[in-house]
Amino acid sequence: MTVTDLLSYEDALASYDPVMGLEVHVELGTRTKMFCGCSTELGAEPNSQVCPTCLGLPGALPVVNEIGIESAVKIGLALNCEIATWCRFARKNYFYPDMPKNFQTSQYDEPIAFNGYLDVQLEDGEVFRVQIERAHMEEDTGKSTHIGGATGRIHGASHSLLDYNRAGIPLIEIVTKPIEGAGARAPEVARAYVAELRELIKALGVSEARMEMGQMRCDVNLSLRPHGREKFGTRSETKNVNSLRSVERSARFEIQRHAAVLSSGGTIVQETRHFHEEDGSTTSGRIKEEAEDYRYFPEPDLVPVAPAPEWVEQLRAGLPELPLARRKRLKQEWGISDFEMQSALNAGAIDLITATIDEGADAASARKWWMGELARHANETGAELAELAITPAQVARVAALVAAGDLNDKLARQVIEGVLAGEGDPDQVVEKRGLKVVSDDSALGAAVDQAIADNAAVAEKIRGGNLAAAGALIGAVMKLTRGQADAKRVRELVLEKLQG
Amino acid sequence: MTDIIRLTAAETARRIASGELTAVEVTEAHLARIEAVDEKVHAYLHVDREGALAQARAVDAKRAAGQELGPLAGVPLALKDIFTTEGVPTTVGSKILDGWIPPYDATVTRKLKAADVVILGKTNMDEFAMGSSTENSAYGPTGNPWDLTRVPGGSGGGSAAALASYQAPLAIGTDTGGSIRQPAALTATVGVKPTYGGVSRYGMVAFSSSLDQGGPCARTVLDAALLHEVIAGHDPMDSTSVDVPVPPVVEAARSGDVSGLRVGVIQEFGGEGYQAGVVQRFEESVELLRGLGAEIVELSCPSFAYGLAAYYLIAPSECSSNLARFDAMRYGLRVGDDGTRSAEEVTALTREAGFGAEVKRRVILGTYALSSGYYDAYYGSAQKVRTLITRDFERAFEQVDVIVSPTTPTTAFPIGERADDPLAMYLADLCTIPVNLAGNAAMSLPCGLAPEDGLPVGLQIIAPALKDDRLYRVGAAVEAAFVSKWGHPLLEEAPQL
């Protein structure tokens with residue numbers, strides 16, 4: 001990898017304003033593909049979910065998936081877009097071996113949804129409005145695996161494997177208008193936008209929008225212009241940036257790279273860039289010397305899509321509470337800060353916390369367990385919180401045991417560990433591991449007496465009125481009971497015994 | 001045996017149903033005929049002897065078991081090689097699909113099988129249906145049974161020639177700009193282009209999606225109607241298929257009445273470029289219709305003058321995209337894959353070797369016409385012309401029930417004559433193309449031989465969209481009047497092969 005000259009972020013922003021355009025592809029969670037009846041299930045044997053239509057066999061024809069259109073309209077509505085009353089699919093003609101027909105059925109100048117916006121909240125609570133240009137329907141391509149090259153890209157590969165299971169899976173492409181005025185916060189806005197969009201898509205139930213699975217993919221277009229200039233600079237397009245963190249990093253990198261080129265009198269080449277997770281850099285991909293000519297024309301094999309206004313209104317009325325509004329509500333109900341809410345959002349914990357509260361836990365403990373012990377565990381294993389082998393009901397039960405004094409935090413952590421390890425429900429783990437707090441006075445009394453005997457000096461201090469010293473004795477009792485003692489009761493016993 | 005192959009489809013079906021003939025006998029008679037004459041005619045690209053006999057045996061077994069048979073059960077049919085047939089080669093007349101065995105049946109194929117029609121084989125055609133002579137087939141031309149040195153028309157020359165040489169009583173064609181009607185005219189057979197959307201395009205290899213339409217070919221109007229009924233109808237696999245009941249075509253073909261019908265004659269069809277004998281036979285047909293009680297109305301459709309130009313922008317544009325899939329990756333021909341070449345190089349070599357000159361010409365034309373900067377001037381303008389032509393038809397059909405015209409300006413021309421002159425070739429579809437652009441229904445049926453060359457002339461009948469039954473009502477009346485005038489079907493005047 002060639003070393004790229006970068007200007008420091010502060011210097012870059014001192015001279016230039018970044019302008020961004022974000023293109024996000026969302027794979028819809030429909031059961032069947034966009035134009036045929038093949039399953040969309042992930043992880044199947046390569047080329048096992050294909051038919052004449054999605055393989056592009058001679059003579060085969062597409063038929064539109066109604067759920068695909070419904071999902072597109074829902075997304076459009078949630079993005080505050082206008083919904084087309086009549087629109088067509090178009091063929092985007094270009095050649096690639098993983099595209100069976102060598103044209104992609106997409107939409108061109110008649111998108112199903114257009115002219116909307118999405119409000120996104122930054123970490124400090126500031127709300128930034130991102131204008132939406134359009135959302136249109138299209139189909140995914142197949143998947144190429146290039147073998148034998150150093151980079152995993154087609155260049156230099158000895159051969160390529162093609163899997164058409166993905167070919168024809170419905171996609172919605174959501175394109176923003178140029179995002180201006182974010183200044184130094186541009187990378188943060190980009191990240192917050194993609195995060196908010198992901199939440200929105202999930203809330204609508206149209207896709208799981210898991211970026212690591214490629215269900216949501218982002219292209220980051222970025223250009224700089226000197227302060228005070230109206231005309232946009234030349235942009236670069238960083239393709240397939242596939243995590244929230246990468247969206248932010250790639251934007252930041254491109255700002256510094258553009259600034260370095262421009263400030264040294266160079267010009268930016270319009271090109272696609274590849275993002276590298278390892279070091280957060282981008283490298284040159286394909287140079288776009290002239291605009292690519294996709295020879296769009298209306299798809300003659302499909303009839304126009306004309307969503308009836310009454311149907312659109314029905315969908316609008318059925319939209320769920322949208323994520324930003326919901327977070328505002330929850331923030332108040334839970335009594336937390338914008339920052340804490342943002343952390344919960346980033347961790348993908350909001351639904352889990354809500355569900356845990358629904359199972360009877362109080363907000364503070366539900367949040368504490370998910371954002372503490374469980375988040376740490378997810379982080380260590382590289383899993384998403386939702387993938388952990390513990391349910392909100394189980395977390396709620398742990399919280400209930402703590403609240404009832406049957407467990408202390410230390411024991412509760414062990415119970416959670418047991419549940420995650422597949423040892424059963426919290427009560428079963430408590431039972432099997434014998435983790436119940438000991439608050440029985442006769443058992444505790446012996447331990448307290450022992451501790452007093454072992455720590456005569458400390459006991460003397462307490463007798464003398466130094467209550468703060470009780471902590472040391474409680475610690476000693478905990479040690480003797482291997483952490484299972486009810487700390488509150490121990491304290492009471494210690495004080496009873498030493499102060500009468 | 002000779003008798004069997006000359007029967008109409010309706011009569012063949014009747015005899016099989018009554019037990020006078022078995023489906024196997026009928027199939028064997030046709031296979032023998034193919035064996036005897038197809039070396040000369042070259043109507044078939046592939047004869048599915050085993051498949052046909054198996055289907056025939058199944059029909060006979062059904063009858064023996066007392067099961068009900070459909071109106072065309074056991075009748076042999078020649079299928080244009082543009083429809084996919086599971087397990088049977090489908091080449092579309094192109095080298096690029098050499099060796100491809102489709103894994104699925106076209107809807108038309110499926111319906112034929114379901115109706116117990118016996119598919120004898122796949123017929124020759126201009127490559128990807130691009131042509132008007134069948135000379136563009138990568139597998140050699142088809143001869144016109146009236147004169148084997150002349151073309152049978154195209155692109156469905158194989159289907160028309162199979163009918164005219166008694167190698168099948170029924171055939172299926174496709175019509176993008178005249179590929180069913182012009183060969184019918186040149187061979188004295190009957191060919192129908194149904195309303196766009198009337199017959200499913202699923203499994204019909206696409207040339208120009210917004211114009212392509214499959215349809216029935218036969219030797220009589222009634223036979224065409226019986227076949228029309230079998231293959232037509234809504235298909236959920238084809239989004240452009242119309243979801244309305246199939247027009248009562250068989251009933252219309254049996255009634256055959258034109259009294260009181262208003263028949264339009266379009267001024268713009270005629271004049272320069274039209275052969276004298278064609279014009280003469282057409283005018284006689286108009287008089288015949290008048291004599292049968294039809295009211296003749298003169299009409300003007302000024303936009304038709306731009307039909308050919310619009311067609312040669314729309315069809316190539318769509319084909320440039322439709323044919324992009326032939327890239328040597330998944331099926332068909334693959335050239336130059338020796339392990340040293342890139343995918344792009346193999347695709348280029350395969351297309352170079354696999355596509356013929358006319359296909360390349362149209363792909364290049366269409367690619368250009370769709371290019372940004374040219375789109376509005378070419379594809380965009382052509383679509384506007386299309387709208388104007390549709391409006392011309394709509395206005396015309398406010399005044400008349402059907403329109404008649406010559407099917408094609410000339411009779412069959414010699415093989416090779418227009419092969420190097422694409423523009424002359426394109427003129428063969430002058431009268432048929434406006435129908436495709438508007439999506440209407442039309443039929444060609446024989447109306448006599450041109451005095452100057454003794455070759456068949458076709459009469460075209462055009463009906464509004466979804467009114468396909470009118471074609472059959474008028475066609476049956478015209479056919480009956482001509483047969484009674486001539487004393488026999490015109491085809492009987494064709495030379496013996």
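What share of residues 25-471 of chain B is helix and what share is strand, and how far apart are the end C-alpha atoms? In this predicted model, the chain is 38% helix and 14% strand over that range, and 33 Å separates the end C-alpha atoms. The range is that of the "domain: Amidase" annotation, which comes from an unreviewed UniProt entry.

## Overall form of chain B

Chain B contains 17 helices and eleven strands. Its radius of gyration is 21 Å, close to the 23 Å that the globule rule gives for 497 residues, so chain B is as compact as a globular protein of that length. Along the principal axes, the C-alpha atoms of chain B fill a box of roughly 70 × 55 × 45 Å.

Of the 497 residues of chain B, 62% count as buried. Among contacts in chain B with a separation of 6 or more, 77% are made by residues 24 or more positions apart.

## The annotated active site of chain B

Under "active site", the unreviewed UniProt entry lists B:Lys80, B:Ser155 and B:Ser179. These residues are spread over 100 residues of sequence, yet they cluster in space, with a largest C-alpha distance of 10.9 Å.

B:Lys80 belongs to strand S2 (residues 76-80) of chain B. Because 33 other C-beta atoms lie within 10 Å, B:Lys80 is buried. Leaving aside neighbours within four places in sequence, the contacts of B:Lys80 include B:Thr123, B:Met125, B:Gly156 and B:Thr174. B:Ser179 occupies the loop between strand S4 (170-174) and helix H7 (181-187) of chain B, and B:Ser179 is also buried, with 36 other C-beta atoms within 10 Å. Not counting residues up to four places away in sequence, B:Ser179 touches B:Ala129, B:Gly154, B:Ser155, B:Gly156, B:Gly173 and B:Thr174.

## Backbone features of chain B

B:Ser155 is found in the loop between strand S3 (118-123) and helix H6 (157-164) of chain B. The peptide bond that leads from B:Gly154 to B:Ser155 is cis, with omega near 10 degrees. The loop between S3 and H6 of chain B also holds B:Phe128. Although B:Phe128 is not a glycine, its phi is positive, at about 55 degrees. B:Phe128 is buried, with 32 other C-beta atoms within 10 Å.

A positive phi of about 70 degrees occurs at B:Leu466, which is not a glycine either. B:Leu466 is placed in the loop between strand S11 (456-463) and helix H17 (468-486) of chain B. With 19 C-beta neighbours inside 10 Å, B:Leu466 counts as partly exposed, since a residue needs 20 or more to be buried.

## Domains of chain A

The domain assignment divides chain A into domain 1 (9-312), domain 2 (347-433) and domain 3 (441-499). The C-alpha centres of domain 2 of chain A and domain 3 of chain A are 30 Å apart. The contact between them takes four residues from each of these two domains. On the side of domain 2 of chain A that touches domain 3 of chain A, one residue is nonpolar, two are polar and one is charged.

For residues 351-498 of chain A, the UniProt annotation is "domain: Asn/Gln amidotransferase", from an unreviewed entry. Over that range the chain is 70% helix and 0% strand, and its end C-alpha atoms are 49 Å apart.

One open sheet of chain A has three strands in the order S4-S3-S14, with antiparallel pairing. Strand S4 (103-106) and strand S14 (297-298) of chain A stand at the edges, each with a single partner strand, so one side of each has no neighbour in the sheet. Strand S3 (residues 90-93) of chain A is joined to S4(A) by four bridges, and A:Ala90 has A:Ser106 as its bridge partner in S4(A).

A:Val50 lies in the loop between strand S1 (16-27) and helix H2 (66-78) of chain A. A:Val50 counts as buried, with 24 C-beta neighbours inside 10 Å. Apart from residues up to four places away in sequence, A:Val50 touches A:Cys38, A:Leu55, A:Tyr164 and A:Asn165. The C-alpha atoms of A:Val50 and A:Asp163 are separated by 9.5 Å, although these residues are 113 residues apart along the chain.

## Contact between the chains

Between the chains, 25 residues of chain A are in contact with 31 residues of chain B. The side of chain A that touches chain B is made up of 16 nonpolar, four polar and five charged residues.

How values were computed: Residues numbered from 1 in each chain as written. Chains lettered and ligands numbered in written order. Predicted model: local features only at pLDDT ≥ 70, side-chain atom pairs only at ≥ 80, totals over all residues. UniProt positions renumbered as here; feature names shortened; annotations may be inferred. Helix = DSSP H or I, 4+ residues; strand = E, 2+ residues; numbered from the N terminus. Contact = placed C-beta atoms within 7 Å. Nonpolar A, V, L, I, M, F, W, Y, C, P; charged D, E, K, R; others polar. Domains from an automatic or database assignment. Pairing = 2+ DSSP bridges. Rg over C-alpha atoms; globule rule 2.2 N^0.38 Å. Buried ≥ 20, exposed ≤ 12 C-beta atoms within 10 Å, placed from the backbone.
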